[in-house]
There are 4 protein chains.
Amino acid sequence: MNKKRIGILTGGGDCPGLNGVIRGVVRAAVRRDWDVVGIEDGFDGFLHQEKCRLLSLEDVRGILPRGGTILGTTNRGNPFSFPIMREGKIELVDVSDEVVSRIELLGISALVVVGGDGTLKIALELMKRGVPIVGVPKTIDNDLLETDVTFGFNTALETATDALDKLHSTAESHHRVMVLEVMGRYAGWIALEAGIAGGADVILIPEIPYDIERVAQAIVERGRRGGRFSVIVAAEGAYPKGGSRVVKEAAGGKSVVERLGGVGEKISHELGGVLEMDVRVTVLGHLQRGGSPSTFDRCLSSRFGVQAVELIEAGSFGQMVCLKGRQIGAAPIEDAVRHLKLIDPDGALVRHAEELGIMLGR
Amino acid sequence: MNKKRIGILTGGGDCPGLNGVIRGVVRAAVRRDWDVVGIEDGFDGFLHQEKCRLLSLEDVRGILPRGGTILGTTNRGNPFSFPIMREGKIELVDVSDEVVSRIELLGISALVVVGGDGTLKIALELMKRGVPIVGVPKTIDNDLLETDVTFGFNTALETATDALDKLHSTAESHHRVMVLEVMGRYAGWIALEAGIAGGADVILIPEIPYDIERVAQAIVERGRRGGRFSVIVAAEGAYPKGGSRVVKEAAGGKSVVERLGGVGEKISHELGGVLEMDVRVTVLGHLQRGGSPSTFDRCLSSRFGVQAVELIEAGSFGQMVCLKGRQIGAAPIEDAVRHLKLIDPDGALVRHAEELGIMLGR
Amino acid sequence: MNKKRIGILTGGGDCPGLNGVIRGVVRAAVRRDWDVVGIEDGFDGFLHQEKCRLLSLEDVRGILPRGGTILGTTNRGNPFSFPIMREGKIELVDVSDEVVSRIELLGISALVVVGGDGTLKIALELMKRGVPIVGVPKTIDNDLLETDVTFGFNTALETATDALDKLHSTAESHHRVMVLEVMGRYAGWIALEAGIAGGADVILIPEIPYDIERVAQAIVERGRRGGRFSVIVAAEGAYPKGGSRVVKEAAGGKSVVERLGGVGEKISHELGGVLEMDVRVTVLGHLQRGGSPSTFDRCLSSRFGVQAVELIEAGSFGQMVCLKGRQIGAAPIEDAVRHLKLIDPDGALVRHAEELGIMLGR
Amino acid sequence: MNKKRIGILTGGGDCPGLNGVIRGVVRAAVRRDWDVVGIEDGFDGFLHQEKCRLLSLEDVRGILPRGGTILGTTNRGNPFSFPIMREGKIELVDVSDEVVSRIELLGISALVVVGGDGTLKIALELMKRGVPIVGVPKTIDNDLLETDVTFGFNTALETATDALDKLHSTAESHHRVMVLEVMGRYAGWIALEAGIAGGADVILIPEIPYDIERVAQAIVERGRRGGRFSVIVAAEGAYPKGGSRVVKEAAGGKSVVERLGGVGEKISHELGGVLEMDVRVTVLGHLQRGGSPSTFDRCLSSRFGVQAVELIEAGSFGQMVCLKGRQIGAAPIEDAVRHLKLIDPDGALVRHAEELGIMLGR
């Protein structure tokens, strides 16, 4: 028989809402009487027979409120530069031929790739090798072009804002400066929006190099007006004026971040030397990727899954589903990965934050 | 001295995020060295001297995470049709002259009106009487035109989805049909989006009259496929095919809703007669208006407040702040209150819900 | 082979933490290399072959944070008075012989019965028929003797308190009286403790018949002192002085509750006639049984599960696991079901509530 | 006039529920027509005139759901060893005479001291100097004797368990070992109870020195049984077998903790060298002290506040309010601070954890 069969995989860091996409794809496919093959652990799954399995309605039951991905994911596993152990050393090998032939063998006529920047670039390369692909954008940092937001970002914001609410009570009770380090190596979306929502006094983002003396001055002035504590949010990629920004290396898509210290510790150390107040740091880290997706993310990820199936049905390959305003649409994957979506230091969001009295490090 | 002085009031039902708007207005105004006068309990406050007071930064400290409105609000208090007790009876009197002269007396050169459909229509009438007004849209039901969404809606969705998560465990453990009645007299936005996010099996909205037999049939079929329970979300304005829809009366902007029974009870009764399963109803009611605003609503309401001040500065009266995609903008109040924003039964959102396997009553 | 095999069932209304008990029993049993048979839908499961299945570690993976019970439950299904359809009519039949022989056939040498008052009484009867039973107390209402609290109660309190927090913003913004009706037909534990935690102004419990005039008076006096709103919590079994209390019928353990109106509606109606304030009711209902169990309930239910296995190992049948202070212990089931654990109107909890300025209806 | 006047202060690290105690004390005192003086920032407040102020019902309105303490607190400020800047250097000076005379001057006839081990020891010393004191136990770590638990602990558990839930999705999706470092320098209560509730695979507490090889082995074995990820909770005071335990110094009550690395980093480093899995650490830190208190903590702290007033009324000085089972009682402060309340490595709680299949490092 000639039943249509599609594949789905999730790549890169995990993110609340991945299960919503998987469930949406399976539900919409089953209505069309299509088969869905789930590939585990990103592209890596194609290289291991036991990691490819049919997904039924039963497999996706109850997964919508669950964080993470039932398919597993990995930050490794680029088929064009795959780490293989040879004679005790890791070599990077091009295994894309094997992946393409495996896709054919499995009878997969279209592949849904759920991932960020890095994963979608790999998807584009596979497209060139003849694999019909539809992309679903995933980035907790919200730094992908061509979509207003993606799932996971809203949940991460909730987690970061909740942390700010919690730090506020300690800051206020102990008259301290509390620093919260949040995700965002290249773009400060989480820091800026959580900072606004969490009533932060200072927000430091990679798009605006900070002047630590001005930050200290702002805290002192706040103290004069009766504010005996301050809350600072810093994106992990924030850096001082004159310092060097975290950038993406060409090779491997890996970024250069010195983890020594971390930006939170650094700021704390710098401020501690200037201010006569206790300064304490909290690094939110992995908590931002976890948890049950918010309503917004459950709804968006479910619709993205359905839309991916609709794009496959329409034969619109090389497209990525996206959100524009309240509409779900599609855009070329190519346009989405051109460069990262950064915050405009002169844009309305930053201006609004400053109008609210928030200090942005400049 | 010639210091600018603006007024702000909140009208209609309360809504998470109102305090964010008030705080945003005060913070942006103080940066401009303007005065802000808070008017309590909507337009009603103009008629009582003690209900108008200057708002300082101190007054808005710590209110961002708090639900409700520090200014108070009321569903009554249309100055053009104001309820006054005369000789033991309530008469509706036009007190707009008094309101206008009070605004002048207070030295208010621009008024920020935060409200829904009804409140904004009153604002338009006051505009005609010479009061320079800027609107801020507020509707928990998300049924206002000219803005993608407003604050409060997202928080209400979280509350409704959380309720669905809770009902799921009971539905599953007891093999029951659980019905959740949510807000939405005219528009089913809360029911539809919370239903998608909460994994509902059936969603009933005012925009699609329901066929109870088909609903029952869907539940029976679901049982045959192994689903021994079902969860139904019904907007309070949902009604059966052939039944009569809740509509807005011309006069007073009041809607005609027979509260007898309520739609949840009605559906439960109808299904109970047909199905061999327990059917239980929960009416979510006021809980949807309460609680700490979500991150999205805190951010949006704060920015709306700032934007209102910027509109006043620019002299853009008769405008309402709004959200389009990720941009905060402005639109004529007139356009926003033309009619309610309903769900398109043939649109993408409904289609996606049906693709997810959700039964929409038809 | 002579491997020990124990059974487990959950009976009565569902409750957060049931899955924690099941998981605890399975994990502790597997360490002893015992088999566990899960019986679905309470005692009812014994009458249907397909409802008895072996439970492995895999079956209980990931269930700890989930509400409800993976085994299903039912409020029907007393084997000594079992509803059977004969000639179109429901007859109550004694099927206990069948249950006992089924237990023998399954090779179950000890049965863990998780349930409340009603279920545990049935367990005692089965004990007399020779089935070795260990009880695990379950009551969301906290009205079982011989244990300080049981799992589920704390989660229900969190839900009720969260609802009170939400109602506060509306009450305050609209200057209304908000009434929250919570569970508790015979005992007012949820109402009293959630009321204290949620800052209620009035708490009405079955243990103290209320005087509506005094309630109204308290609200009026509060208004005079500047409190323009009030929040009332009422247990569903609360009743007016001179009215009749909900009691348990001897036969069937069913209570007589007239659902017409409900206590919330009744109080609202009574107060609405006296006060010049809007009075609104919210019935929390099924939401109290749902949701992910709180930390306390997850910990307690897990330990109860383990303790049940330890009691079986020690041959301590007829005992029920319990919590005394911070110690997990055991008590005779017989003692636990003697009568319900009610609030002492002259005890410290009530006194403390009144010291906090809460009005208790008297 | 001869109105009774009592004082209240909060000392040591902040903790959810402090506001509940303050509110309880004020409400119960006002009913007796007593005055309450709030002393800010612990004992330090006695040395600054502006830090002592009368507390009215209005001052404590709405504070029950708020974390932290409206009175402020500090970890410094022992009047018997008070840090004073003299000629550019900090000297520790005995200022207790000044504190005692200040208490007399303010007309305070009884002092409510809310604090942990350190603060209560200071209170005892002041008692000897003639100040009538009632203690309220506060310790987020739950390591005070003579009370089953104190407020704040339950909220910290909720935060830690929520973090574990979040880490689970990432651990599972990425097949990683996730380590969560929680509070608990001397006692592992948070680690152990949150670990049980959060479904941890390994829990490391100060009371049981860990053997890192056995931990690694347990993770490997878990992998063999199909568990491709593991979640570890470590109390900050956990230490390896043969390593040295964090102890309290005699002088100043300060503990010796090398912050270099932290136990989470250490374990992660040790495991990373042995296992072929990614190991990631999250340090929960200050988040555990923050946030709105849980229902349990709101109820308990409110009752503690009332009980403190009742103890003053009864003249029971030198006593500390406490919880025994479900009863609020009192115990000599002296008994409570004798030594810390540690987990019994051979007790039921540890045994239950091990029965649940949790590895405790030994």
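## Interface between chains B and C

In this predicted model, the contact (heavy atoms within 4.5 Å) takes 38 residues from chain B and 38 residues from chain C. About 2600 Å² is buried between the two chains, with carbon and sulfur atoms giving 49%; buried area is the accessible area (1.4 Å probe) lost on putting two parts together, summed over both. Lys166(B), His286(B) and Leu287(B) supply 26% of what chain B buries against chain C, more than any other three residues.

Three salt bridges are counted between chain B and chain C, a salt bridge being a side-chain nitrogen of Lys or Arg within 4 Å of a carboxyl oxygen of Asp or Glu. Arg228(C) forms one with Asp41(B), the closest N and O atoms lying 3.4 Å apart.

## Sheet in chain A

Strand β8 (residues 177–182) of chain A is joined to β11(A) by five bridges, and Glu181(A) stands opposite Val283(A) in β11(A).

## Basis

Residues are numbered from 1 along each chain as its sequence is written, and chains are lettered from A and ligands numbered from 1 in the order written. Local features need pLDDT of at least 70, side-chain atom pairs count only at pLDDT 80 or more, and totals for chains, interfaces and linings use all residues, while side-chain values use heavy atoms, leaving out hydrogens and water.

Terms used: Pairing = 2+ DSSP bridges. Helix = DSSP H or I, 4+ residues; strand = E, 2+ residues; numbered from the N terminus.
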